[in-house]
Amino acid sequence: MDKNDEFIIQGLAGEKKLHGAVIINGAKNSALKAMAASILFDGPVILENVPDNSDIQTMISILEKMGAKINVKEKSFTSFPASPEPQRASKNSGGLILEIDATGINSTEIDPELATSMRASIVLTGSLMGRFGKVSFPAPGGCVIGARPIDLFLSGYGKMGATVKEENDCLHKISAIDGLKGAEITFSKISVGATETLMMAAVLAKGKTVLNNCAREPEIANVAEWLNVCGANIKGIGTPTIEVEGTNGKLLSFKESFVTIPDRIEAGSFLILGALCAKKLKIEKCQPKHMNTVVKLLVELGVNIKIEKDSIIVSASDFINSTLPRSIKTLEYPGFPTDLQPPLVVFLTQIKGQFSIRETIFEGRFKYVGDLIKMGANITTINSREIKIKGPTPLHELSENEELTAHDIRAGFALIVAALIGNGKFTINNVHLIDRGYEKIEERLKILGVEIERTDKAR
């Protein structure tokens with residue numbers, strides 16, 4: 001990952017000509033949390049189907065700096081060339097295999113520089129507090145998509161008997177001299193990070209912890225079910241109330257490998273890309289049941305979609321005309337995911353009708369809209385959480401020396417889609433952010449027929 005990297009993309013000018021198949025990687029938002037949970041074990045654990053993106057590499061570096069030992073086994077590639085019947089990959093689809101031994105961790109300080117580059121680093125505080133009763137960490141970073149306060153985490157630790165100190169408006173130190181104690185915690189708003197972090201903290205705590213108003217994302221269930229196999233006692237998985245009976249400090253024992261579920265956001269991203277740009281695209285090794293809301297909406301808008309057991313086929317479609325203004329809003333799972341809002345907006349610029357998008361999760365998620373407007377999209381910003389779209393509008397090449405900017409992972413992918421449906425050649429900068437969530441994206445797109453090159457603007 002190089003911060004000077006750019007993508008240069010030749011647009012398809014509205015042609016639906018991409019063809020082939022893509023295998024969906026494991027969900028980074030599941031694998032990252034399982035990596036953090038490895039600290040709860042009394043020996044090595046094995047994680048399978050782990051995606052090879054920059055966020056995973058960052059988490060590896062954080063764990064190693066604290067003293068963990070990690071062995072990484074490589075994997076092969078995840079796309080099929082365009083052909084009438086795409087060939088099967090003989091070696092792939094298993095992702096990276098990580099063997100993590102956290103027994104040698106000798107520091108409970110999360111590296112400040114690494115942590116501020118990735119929001120998910122805060123989940124480490126749960127397993128560190130559960131095992132060691134103390135942790136030091138900076139305010140976590142990652143994508144610039146609005147305020148992501150950590151008060152839900154801090155207040156939760158306080159209720160479990162910990163003391164929280166803040167230094168220099170950034171560094172946080174949490175300690176529980178006698179270990180964490182079970183408590184009843186009600187989140188003031190639904191939070192994926194707070195749910196999974198305090199769930200992990202409760203696994204080794206003394207007594208019973210009840211978490212109310214929990215997030216229900218399948219990535220949380222993926223990790224919780226594995227922890228139960230290995231000795232945790234977590235009930236209410238996938239519901240708004242999770243109960244954890246703590247082990248009173250007894251570490252978990254490795255029983256079986258953690259297998260990362262397919263990344264529903266990556267699958268949804270390719271689904272939208274395929275709806276706009278593909279003659280026929282097969283999205284393989286996904287879990288369609290995790291994408292019901294997305295699939296339902298696209299079908300309603302006229303996209304040709306065929307659902308199979310673990311794959312989705314999208315083919316060239318004549319989109320319907322939306323005769324009435326339509327409102328769509330992002331919601332916590334199982335609602336429409338905020339991470340697919342940016343590519344959905346690009347999709348809606350190509351539909352005849354009027355749409356409003358209400359972003360209920362992050363108030364800073366519309367930074368990419370300015371670039372779409374420069375390309376010719378008819379989008380009106382109502383406020384930081386709502387936009388209106390009128391389509392269809394062809395997207396055109398920018399003025400000389402103008403570039404598109406990826407402000408975050410998902411907005412970056414949306415700009416790739418916008419460039420592909422556009423007329424002309426487009427340059428996207430900040431692609432290191434796209435690398436955080438989409439492994440080898442340009443190589444996978446090339447196999448499907450996309451003209452895309454990665455360049456270093458510093459050269």
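Analyst: Leaving aside neighbours within four places in sequence, L348 is in contact (heavy atoms within 4.5 Å) with L301, I328, F355, I357, I389 and G391. The model is a predicted one, in which local features need pLDDT of at least 70 and side-chain atom pairs count only at pLDDT 80 or more, while totals for chains, interfaces and linings use all residues. Residues are numbered from 1 along each chain as its sequence is written, and side-chain values use heavy atoms, with hydrogens and water left out.

L348 also belongs to the largest nonpolar core, which has 75 residues; together with L271, F347 and L372, L348 touches the most other members. A nonpolar core is a set of buried Ala, Val, Leu, Ile, Met, Phe, Trp, Tyr and Cys residues joined through side-chain atoms within 4.5 Å. Buried means under 20% relative accessible area, exposed over 50%, and partly exposed in between, with a 1.4 Å probe and protein chains only. Helix 12, residues 409-421, gives the most to this core, with eleven residues; helices are DSSP runs of H or I with at least four residues, numbered from the N terminus. A second, separate core holds 74 residues, including I62, L96, I122 and L252.

The cysteines complete the picture. Counting as a disulfide any pair of cysteine sulfur atoms within 2.5 Å, the structure has zero disulfides. C277 is in none, and the nearest cysteine sulfur, that of C286, is 18 Å away. C277 is buried, with a relative accessible area of 1%, and C214 is buried at 3%.

Note on methods
Helices (H or I, at least four residues) and strands (E, at least two) are DSSP runs, numbered from the N terminus.
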